[in-house]
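Work through the exercises below with the model open beside you. Try each task before you read its solution.

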Amino acid sequence: MSSIEYYGPASWEGQAKRYGPVRRVAVLSDVHANVPALRAVLAEPDVAAADLVVFNGDLTWGVDPDGAVAAVLGLGQRAVCVRGNSERYVRQIATGAYTPANARQEWVPARHGTGSLAFVGSFPFSVIVDVQGLGPVRFCHGSPRSDNEAVTPGTSEERFGEMTAGIDEDILVTGHTHLQFDRQVGSRRSINPGSVGLPFHRDEPGVAYWALLGPDVQLRTTRYDVRESMAAIEAAGDPGQARIAELLLKPPTPEDVIAEAEDLVMVD
């Protein structure tokens, strides 16, 4: 593992910001600018009533970044955003620190308006929320040491222990793998709310995944009209539309995702 490059907190970041105590937290991850799915989840009564809505990375990497940002900003102070590897790429590409490797890597950041670029660039690597019934919960996109480290139901206790060695919280909420799960690993609880915009699952198309925290953990789903998402992708001329359509309509199985992610460990 020593030769792996980690993308952890930026040099300008201090300790993770703390929130709470609060009663309920809705967790939405990996929206990927799928605005129809995002709007459907935000309309859920338990999301509308939550004290905080934590967006756990990869909010805008998709067809409608400005629409996703507008929906989040509409939540006001209840919205808390965490940086994913996609937000890192948007910032790096927009500032010239990274050269796009394909047409979609060039196209997606260009879909961001000036305000959206500034908003995405402000996301911290991780946050901590004190949730009633659960205590302090750490939120980060990949792992506590890198925004692109995959945490899955198949992650070994050894690697999980290594990645969490520098944190104090007993509950870790991650995203990135687009898999929904709630798992005990040693003395810690590993949770992924799943993906709102591009979940890997066995359900019918048009299901968004999320989670509600407090006083325990509820893994939730919300149905939406996937045809609206497909139409938006086609109308925008997304260079990756064939692949995104496949992921929306025929996603890989959780078992295949786990096998690949655990083999690669670092996944972009």
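This is a predicted model: local features need pLDDT of at least 70, side-chain atom pairs count only at pLDDT 80 or more; totals for chains, interfaces and linings use all residues.

Residues are numbered from 1 along each chain as its sequence is written, and side-chain values use heavy atoms, with hydrogens and water left out.

**Exercise 1. Describe the overall build of the chain.**

Step 1. Take the secondary structure: the chain has 10 helices and 11 strands. Helices (H or I, at least four residues) and strands (E, at least two) are DSSP runs, numbered from the N terminus.

Step 2. Look at burial. Buried residues make up 54% of the 268 residues. Buried means under 20% relative accessible area, exposed over 50%, partly exposed in between (1.4 Å probe, protein chains only).

Step 3. Look at contacts (heavy atoms within 4.5 Å). Among those between residues at least 6 apart in sequence, 71% join residues at least 24 apart.

**Exercise 2. Trace the sheet of five strands.**

Step 1. Write the order: E4-E3-E2-E10-E11, an open sheet with mixed pairing. Two strands pair if DSSP finds at least two bridges between them.

Step 2. Find the edges. Strand E4 (79-81) and strand E11 (217-223) each pair on one side only.

Step 3. Follow E2 (residues 25-28) to E10 (residues 207-213). They pair in the antiparallel sense over three bridges. Val25 stands opposite Leu213 in E10.

Step 4. Go on to E11. Seven bridges join E10 to E11, and the two run antiparallel. Val207 stands opposite Arg223 in E11. Their hairpin has three residues between the strands, and Gly214 there takes a positive phi near 105 degrees.

**Exercise 3. Trace the sheet of six strands.**

Step 1. Write the order: E1-E5-E6-E7-E9-E8, again an open sheet with mixed pairing.

Step 2. Find the edges. Strand E1 (17-22) and strand E8 (180-185) each pair on one side only.

Step 3. Pick a pair. E7 (residues 171-173) and E9 (residues 188-193) are parallel, over three bridges. Val173 stands opposite Ile191 in E9.

**Exercise 4. Locate the nonpolar cores.**

Step 1. Start with the term. A nonpolar core is a set of buried Ala, Val, Leu, Ile, Met, Phe, Trp, Tyr and Cys residues joined through side-chain atoms within 4.5 Å.

Step 2. Take the largest core, with 53 residues. Leu28, Leu38, Leu42, Phe55 and Leu59 touch the most other members. Helix H1 (residues 35-42) gives the most to this core, with six residues.

Step 3. Zoom in on Leu38. Not counting residues up to four places away in sequence, Leu38 touches Leu28, Val31, Phe55, Ala68, Ala71 and Val196.

**Exercise 5. Decide whether Gln105 is buried or exposed.**

Step 1. Read the area. The relative accessible area of Gln105 is 13%, so Gln105 is buried.

Step 2. List the contacts. Leaving aside neighbours within four places in sequence, Gln105 is in contact with Trp61, Ile93, Tyr98, Thr99 and Pro100.
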